[in-house]
Structures are given as C-alpha cells and as structure tokens.
Amino acid sequence: MSIHQQLEQVFRDVFNDDSLVLRDQMTSLDIAGWDSMAHINLMFSLEAAFGIQFKGNELAEFKDIGELEKYLEQKSAP
C-alpha cells in the first residue's frame with residue numbers, strides 16, 4: 001500500500017467517509033467535519049499508522065495534504 005493510500009485510509013477512518021478522495025491541494029476547509037476534535041483524532045491516527053510523532057502542533061503547520069504526504073514520505077525513507 002502506498003503512502004497516499006495509507007493516508008487516504010486514515011482520513012476515511014477518522015472522518016467516517018469511505019468516499020473521501022484526497023488531493024494534494026486539499027486543506028482542512030475542504031473536508032467536512034474537520035474541527036479541533038477531529039484534528040486531534042487525525043493526529044493520533046496518523047502517528048499510529050505511520051509510526052511517527054508530531055512535535056507540538058506540527059500537523060496544523062502543513063499548508064495542504066500534499067505537504068503532509070511529502071513529510072510522511074521523508075519520514076518513511078530509509
């Protein structure tokens with residue numbers, strides 16, 4: 001499973017939307033239900049799925065999904 005597919009699955013699980021399709025330019029404003037509680041759930045779910053740990057409010061600092069995906073690719077690179 002690619003990083004994009006994993007990321008999309010985490011978003012589908014957190015936002016309870018199996019039809020959610022992520023695009024690089026998407027932001028929190030493009031995803032229904034992305035509020036402060038969903039943001040925290042997303043952060044913990046991403047950490048568990050990718051074996052990472054965000055520092056502080058690092059997740060909120062990504063400008064879009066594409067930037068988050070690049071970060072996850074860098075973290076998983078050998």
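## Arginine 12 and its partners

In this predicted model, the side chain of arginine 12 reaches the backbone oxygen of aspartate 18 at 3.4 Å, which falls under the heading of a polar contact (a pair of N or O atoms within 3.5 Å, where, within protein, one must be able to donate a hydrogen and the other to accept it, and residues adjacent in sequence count only if both atoms are side-chain atoms). Leaving out residues up to four places away in sequence, arginine 12 touches Asp17, Asp18, Leu20 and Val21, where contact means heavy atoms within 4.5 Å.

Side chains of opposite charge can pair when their charged atoms come close. The structure holds 1 salt bridge, a term for a side-chain nitrogen of Lys or Arg within 4 Å of a carboxyl oxygen of Asp or Glu. Arginine 12 forms a salt bridge with glutamate 8, and the closest N and O atoms are 3.3 Å apart. Both residues lie in helix 1 (residues 3–14), 4 residues apart, about one turn of the helix; helices here are DSSP runs of H or I with at least four residues, numbered from the N terminus. Arginine 12 and glutamate 8 are both buried, a word used for under 20% relative accessible area, whereas exposed stands for over 50% and partly exposed for values in between (1.4 Å probe, protein chains only).

Phenylalanine 15 has its place in the loop between helix 1 and helix 2, and it counts as buried because its relative accessibility is 12%. Not counting residues up to four places away in sequence, phenylalanine 15 touches Leu20, Ile31, Ala32, Gly33, Trp34, Ala38 and Leu42.

Asparagine 16 is also found in the loop between helix 1 and helix 2, but asparagine 16 counts as exposed because its relative accessibility is 72%. The phi angle of asparagine 16 is near 50°, a positive value in a residue other than glycine.

Glutamate 47 is found in helix 2 (residues 36–50). Glutamate 47 is buried yet has no salt bridge, and the nearest side chain of opposite charge, that of lysine 55, is 10 Å away; for charge, Lys and Arg count as positive and Asp and Glu as negative, while His and the chain ends are not counted. A polar atom of the glutamate 47 side chain does, however, lie 2.8 Å from the backbone nitrogen of phenylalanine 54. Beyond residues up to four places away in sequence, glutamate 47 touches Ile52, Gln53 and Phe54.

Histidine 39 lies in helix 2 as well, and it is buried, since its relative accessible area is 15%. The side chain of histidine 39 makes a polar contact with the side chain of tryptophan 34 at 3.3 Å. Apart from neighbours within four places in sequence, histidine 39 is in contact with Trp34, Asn57, Leu59 and Ala60.

Residues are numbered from 1 along each chain as its sequence is written, and side-chain values use heavy atoms, with hydrogens and water left out. Since this is a predicted model, local features need pLDDT of at least 70 and side-chain atom pairs count only at pLDDT 80 or more, while totals for chains, interfaces and linings use all residues.

Key:
Helix = DSSP H or I, 4+ residues; strand = E, 2+ residues; numbered from the N terminus.
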